[in-house]
Protein chains: 2
Amino acid sequence: MLSLDDVLAARDRVAETARHTPLDYSHTFSSMTGAEVHLKLENFQRTGSFKIRGATNRIMTLSDAEQAAGVVTASAGNHAQGVALAASRVGVDSKIVMPENAPISKVKATRNYGAEVVLHGADYDEAAAKAHEIERAEGRTYVHAFDDDMVMAGQGTIGLEILDDCPEVDTVAVAIGGGGLISGIATAIKAQHPDVRVVGVQAEGAPSAARSMEAGERVELDRVDTIADGIATRAIGERTFAVIRERVDEVVTVADEEIAMAITYLLERSKTLVEGAGAVTLAALLAGAFDYEADEVVVPCLCGGNIDLNLLTTVIMRGLVANGRYVRLRTVLQDRPGALEELVEVLAAERANIYAIQHDRTSRNIGMGDAEVELDLETRGTEHVEALLAELRDRGYEVEVLV
Amino acid sequence: MLSLDDVLAARDRVAETARHTPLDYSHTFSSMTGAEVHLKLENFQRTGSFKIRGATNRIMTLSDAEQAAGVVTASAGNHAQGVALAASRVGVDSKIVMPENAPISKVKATRNYGAEVVLHGADYDEAAAKAHEIERAEGRTYVHAFDDDMVMAGQGTIGLEILDDCPEVDTVAVAIGGGGLISGIATAIKAQHPDVRVVGVQAEGAPSAARSMEAGERVELDRVDTIADGIATRAIGERTFAVIRERVDEVVTVADEEIAMAITYLLERSKTLVEGAGAVTLAALLAGAFDYEADEVVVPCLCGGNIDLNLLTTVIMRGLVANGRYVRLRTVLQDRPGALEELVEVLAAERANIYAIQHDRTSRNIGMGDAEVELDLETRGTEHVEALLAELRDRGYEVEVLV
């Protein structure tokens with residue numbers, strides 16, 4: 001099983017390509033929770049996620065012959081970029097198989113980091129099959145995304161940095177997809193400070209580790225569904241499960257709404273961008289998914305920042321909606337002069353800021369000449385939304401809340 | 001005129017409430033420009049902008065009697081939050097007048113930092129008149145947002161930090177709204193290293209300092225229009241203009257599109273959120289608004305991160321559009337079975353990812369039964385958009401590019 005020595009040995013190797021990321025005390029989240037919250041900003045890692053640590057350690061521990069033959073892997077996400085940059089920094093040739101529908105930005109980034117990208121297959125499984133074909137045909141080493149001791153050891157260097165930068169830490173929260181990150185971090189921490197708590201966090205829609213812990217054996221999910229695509233994994237690894245069982249104190253889950261709110265808070269208050277997988281730990285803290293004492297020193301690891309900007313705009317809207325800071329309403333205006341003006345006056349009196357109005361006379365469910373109106377409004381919170389709805393209904397508007 | 005000693009004297013005072021913000025080398029922007037780019041991440045400052053520095057220095061240099069009488073100011077933005085937190089940290093009572101339409105999030109933040117918020121007037125000028133009324137009636141000190149030596153000196157501590165953290169700096173780029181920030185920074189830098197270049201950057205839609213430099217006298221603009229609301233100022237100050245004339249090497253401007261692209265790059269590549277005013281310096285570098293040599297050490301100061309999240313979603317879309325990463329098209333489908341399917345096949349063959357489709361049979365400009373279709377597409381860049389449009393037109397579609 002993975003040992004502290006593995007992680008310690010990884011440290012110097014990882015320092016060749018990855019940066020020691022900042023640990024930042026957060027006034028905002030400390031005052032929101034009552035805990036002492038220090039954010040591990042691994043989203044500022046090169047390539048935008050922790051994956052470069054494990055990939056570097058794996059590639060640097062290959063034999064000269066293995067390095068000369070090159071590496072291969074399959075990934076549509078952060079692992080692709082991590083392997084690409086790690087390999088080119090070490091001077092090793094890399095091929096990365098990505099599914100044909102992989103986001104354009106990720107394909108481009110992976111190529112820019114120096115890998116040859118092979119687009120193949122409709123999904124990850126087909127891409128992985130192709131990568132294993134290449135492994136055999138070309139004698140390349142397959143770099144697994146998580147179920148590999150050298151990969152886990154590389155990710156574990158984050159645990160060493162947390163202990164160095166915050167020796168008073170009580171609890172570290174870590175996202176779990178395949179389990180490589182938490183296996184490394186828990187190994188680094190528990191071997192030195194068994195009393196520091198390590199909490200694993202998963203998305204409700206991809207709870208492979210949580211289920212496996214309950215069942216006492218590895219559980220493979222039929223399907224996963226979450227905005228945190230970086231941890232939308234159907235099963236944790238065999239090697240990672242063994243470590244998690246022994247060294248992780250508890251595994252909790254958070255809902256997509258909670259993840260969206262955490263992403264939004266981090267943007268708005270900490271001016272920092274994380275992806276879904278990077279936000280689950282803070283989401284768990286804010287949602288009370290694990291217990292903590294007042295003034296407990298909690299370190300949520302924000303493990304990545306590679307969120308597609310189209311998705312981000314959707315997430316921001318969801319986060320604002322969940323906070324009552326944004327609402328979309330539909331109502332019907334009667335066909336007479338001044339009807340829209342009257343509605344707008346009500347909104348102004350209630351201090352709801354109009355962000356967009358869509359006016360449609362063609363809906364089939366309304367009277368001839370009447371118009372359906374959709375309103376996007378900026379609001380001050382859930383109480384403000386309730387008051388606004390009550391006022392509109394008092395004045396005879398039939399109002400439907402769309403989001 | 002403001003002196004280096006003023007800035008040096010401000011340093012310890014400012015350290016009481018503000019943080020020494022990070023200076024981060026950027027691989028991404030260095031390789032994009034050929035310069036050595038270090039970002040001054042003042043968007044991570046407490047309250048989300050540099051304003052707390054100047055406010056702290058101003059409030060801490062008041063006499064005991066003045067402190068006991070409290071302070072007042074008018075602001076709809078970052079200055080409000082800066083004064084609020086600075087005052088409460090020093091134990092001074094503060095009243096902030098904000099226009100009635102001020103964004104809800106800013107009102108809330110200002111209250112949370114401990115100020116009494118007075119909502120008054122339709123715009124900044126009316127709010128400022130009210131604040132001066134309060135100044136006279138209550139004997140409070142009015143804290144000007146920029147045209148005040150103690151305020152400028154506080155902002156200048158950023159210049160000291162840049163020299164400490166990057167002694168090899170060649171060029172510092174600084175946003176100009178009222179001019180307080182650049183007056184302080186230029187004073188700190190030029191007095192010690194006259195050969196370090198200080199470049200001022202404004203939005204094209206609010207070029208008060210650029211016009212003033214051309215005219216050789218302070219020019220007041222009739223109107224301003226830019227997404228960088230933090231520097232949408234009609235006139236720079238008298239005291240700041242005197243400093244800028246003497247100590248700033250050049251003043252350049254950037255377009256809103258360039259600002260939006262810079263915000264988008266900073267999010268996507270550096271995982272950090274800046275507001276429009278915080279992005280103008282990087283925008284100027286990327287757009288080549290000022291000259292620089294290969295390997296020149298350039299420090300764009302990212303002076304704030306308080307962007308409204310609704311505005312941010314709009315900016316992201318604009319940034320993606322400007323990069324050819326997102327496009328909205330309109331075309332007309334004939335009234336026959338399979339017409340939409342054919343169109344979708346073309347898009348799939350061209351590897352354009354469909355983000356949204358809107359289908360409308362009610363447009364007045366098309367044949368009875370034909371349908372107008374609006375397509376939101378994720379694309380790979382401007383060349384990809386051009387190729388896609390050519391292919392669609394080849395196949396007989398009349399295509400209009402909407403954004």
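This is a predicted model: local features need pLDDT of at least 70, side-chain atom pairs count only at pLDDT 80 or more; totals for chains, interfaces and linings use all residues.
Student: What makes A:Phe290 and A:Tyr292 an edge-to-face pair?

Tutor: A search of the whole structure finds five aromatic pairs over all chains. In the pair of A:Phe290 and A:Tyr292, the ring centres are 6.3 Å apart and the planes sit at 65 degrees. Pairing needs centres within 6.5 Å, and edge-to-face needs planes over 60 degrees apart, so this pair gets the edge-to-face label.

Student: Why is A:Phe290 called buried?

Tutor: Its relative accessible area is 2%, and buried means under 20%, so A:Phe290 is buried.

Student: And why is A:Tyr292 called partly exposed?

Tutor: A:Tyr292 has a relative accessible area of 25%.

Student: What makes B:Phe29 and B:Tyr265 an edge-to-face pair?

Tutor: Their planes are at 85 degrees and their centres 6.5 Å apart, so B:Phe29 and B:Tyr265 are edge-to-face. B:Phe29 belongs to helix H2 (residues 27-33) of chain B and B:Tyr265 to helix H12 (residues 256-270) of chain B, so the pair ties together parts that are 236 residues apart in sequence. Both B:Phe29 and B:Tyr265 are buried.

Student: How do you know that A:Asp24 and B:Arg19 form a salt bridge?

Tutor: Their side chains meet at 3.4 Å, N to O. The cut-off is a side-chain nitrogen of Lys or Arg within 4 Å of a carboxyl oxygen of Asp or Glu, so A:Asp24 and B:Arg19 qualify. The structure holds 48 salt bridges over all chains.

Student: Why does the pair of A:Asp24 and B:Arg19 join two chains?

Tutor: A:Asp24 lies in strand E1 (residues 23-25) of chain A, while B:Arg19 is in the loop between helix H1 (4-15) and strand E1 (23-25) of chain B, so the pair joins two chains.

Student: What makes A:Arg330 and A:Glu400 a salt bridge?

Tutor: The closest N and O atoms of A:Arg330 and A:Glu400 are 3.3 Å apart, and the limit is within 4 Å, so the label holds. A:Arg330 sits in strand E11 (residues 326-333) of chain A and A:Glu400 in strand E14 (residues 400-401) of chain A, so parts 70 residues apart in sequence are tied together.

Methods: Residues are numbered from 1 along each chain as its sequence is written. Chains are lettered from A and ligands numbered from 1 in the order in which they are written. Side-chain values use heavy atoms; hydrogens and water are left out. Rings of Phe, Tyr and Trp (its six-membered ring) pair if their centres lie within 6.5 Å; planes under 30 degrees apart count as stacked, over 60 as edge-to-face and the rest as tilted. Buried means under 20% relative accessible area, exposed over 50%, partly exposed in between (1.4 Å probe, protein chains only). Helices (H or I, at least four residues) and strands (E, at least two) are DSSP runs, numbered from the N terminus.
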